[in-house]
Amino acid sequence: MVVRGYEKKDLDAMIRIWNEVVEEGIAFPQEELLDETTGAAFFAAQTYAAVAEDERDHAVCGLYILHPNNVGRCGHICNTSYAVSAACRGRHIGEQLVLDSLRQAKRHAFAILQFNAVVESNLHARHLYERLGFVQLGTIPNGFRMKDGHFENICPYYHVL
């Protein structure tokens, strides 16, 4: 697996993977699906976007986006979102994406990477983040509405770069 900056040829796979996570309704706050036009604009608007590509068949298995979390006096804090295709999960692709995002965030002169809304029940992600040195800031009760309508707590995390 290689993690690299995305190219135009990756957009169809990126949109498919992003929409897969949105449709699952258990991790991303977005509810609107991307199409060819909105997806191209969305990924182009990021500070950096990357894909995880299987070196054997060149299939895109995952992606992440990196962008400022805020502006002005808080503009040194960035945020990322990660998506791995259901067909590729369990291969430690998420870890490779997170590690690359830490390098890219530093390269783009950010000082802190913050996750605003990690769903408390997303144990695999939470364990990964904690193993990689992220610190949980607390818990926001009922901060995330799941696809089925019930609410779950969210756990903000940060990592000093």
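Visitor: In which helix is glutamine 96 found?
Guide: Glutamine 96 is found in helix α3, where helices (H or I, at least four residues) and strands (E, at least two) are DSSP runs numbered from the N terminus. The model is a predicted one, in which local features need pLDDT of at least 70 and side-chain atom pairs count only at pLDDT 80 or more, while totals for chains, interfaces and linings use all residues. Residues are numbered from 1 along each chain as its sequence is written, and side-chain values use heavy atoms, with hydrogens and water left out.

Visitor: Why does glutamine 96 count as partly exposed?
Guide: Buried means under 20% relative accessible area, exposed means over 50%, and partly exposed is what lies in between (1.4 Å probe, protein chains only). Glutamine 96 has 27% relative accessibility and therefore counts as partly exposed.

Visitor: What is glutamine 96 in contact with, leaving aside its neighbours within four places in sequence?
Guide: With those neighbours left aside, glutamine 96 is in contact with Met1, Val3 and Arg91, contact meaning heavy atoms within 4.5 Å. Glycine 62 is 34 residues from glutamine 96 in sequence, and their C-alpha atoms are 9.9 Å apart in space.

Visitor: How do you know that leucine 97 counts as buried?
Guide: Leucine 97, which is also found in helix α3, has 0% relative accessibility and so counts as buried. Leaving aside neighbours within four places in sequence, leucine 97 is in contact with Val3, Ala52, Gly62, Leu63, Tyr64, Tyr82, Ala83 and Val84.

Visitor: Why does alanine 13 count as buried?
Guide: The relative accessibility of alanine 13 is 16%, so this residue counts as buried. Alanine 13 lies in helix α1, residues 11-24, and its C-alpha atom is separated by 9.4 Å from that of valine 51, 38 residues apart along the chain.

Visitor: What makes the residues of the largest nonpolar core a core, and which of its 26 residues touch the most other members?
Guide: A nonpolar core is a set of buried Ala, Val, Leu, Ile, Met, Phe, Trp, Tyr and Cys residues joined through side-chain atoms within 4.5 Å. In the largest one, with 26 residues, Tyr82, Val98, Phe115, Tyr129 and Phe134 touch the most other members. At least two residues of this core come from each of β2 (48-53), β3 (60-68), β4 (77-84), α3 (93-107), β5 (112-119), α4 (123-131) and β8 (151-160), and α3 gives the most, with five residues. Apart from this core lies another of 17 residues, among them Ile17, Trp18, Phe43 and Val51.

Visitor: What does tyrosine 129 touch, not counting residues up to four places away in sequence?
Guide: On that count, tyrosine 129 touches Tyr82, Val98, Phe115, Val118 and Phe134.

Visitor: Why is histidine 92 called exposed?
Guide: Histidine 92 has a relative accessible area of 58%, and is therefore exposed. Histidine 92 lies in the loop between β4 and α3 and has a positive phi of about 65°, although it is not a glycine.

Visitor: Why does asparagine 142 count as partly exposed?
Guide: Asparagine 142 counts as partly exposed because its relative accessibility is 49%. Although not a glycine, asparagine 142 has a positive phi of about 55°, and it lies in strand β7, residues 140-145.

Visitor: What makes valine 135 partly exposed?
Guide: Valine 135 has a relative accessible area of 37%, so it is partly exposed. Valine 135 lies in strand β6, residues 135-136, and, leaving aside its neighbours within four places in sequence, is in contact with Pro156, Tyr157 and Tyr158.

Visitor: How do you know that the radius of gyration of the protein chain agrees with a compact globule?
Guide: The radius of gyration is taken over C-alpha atoms, and the globule rule is 2.2 Å times the number of residues to the power 0.38. With 161 residues, a compact globule would have a value near 15 Å, and the protein chain has 15 Å, so the two agree. The C-alpha trace spans about 40 × 40 × 30 Å along its principal axes, and buried residues make up 43% of the 161 residues.

Visitor: How many helices and strands does the protein chain have?
Guide: The protein chain has four helices and eight strands, which run β-α-α-β-β-β-α-β-α-β-β-β from the N terminus on. Among contacts between residues at least 6 apart in sequence, 60% join residues at least 24 apart.
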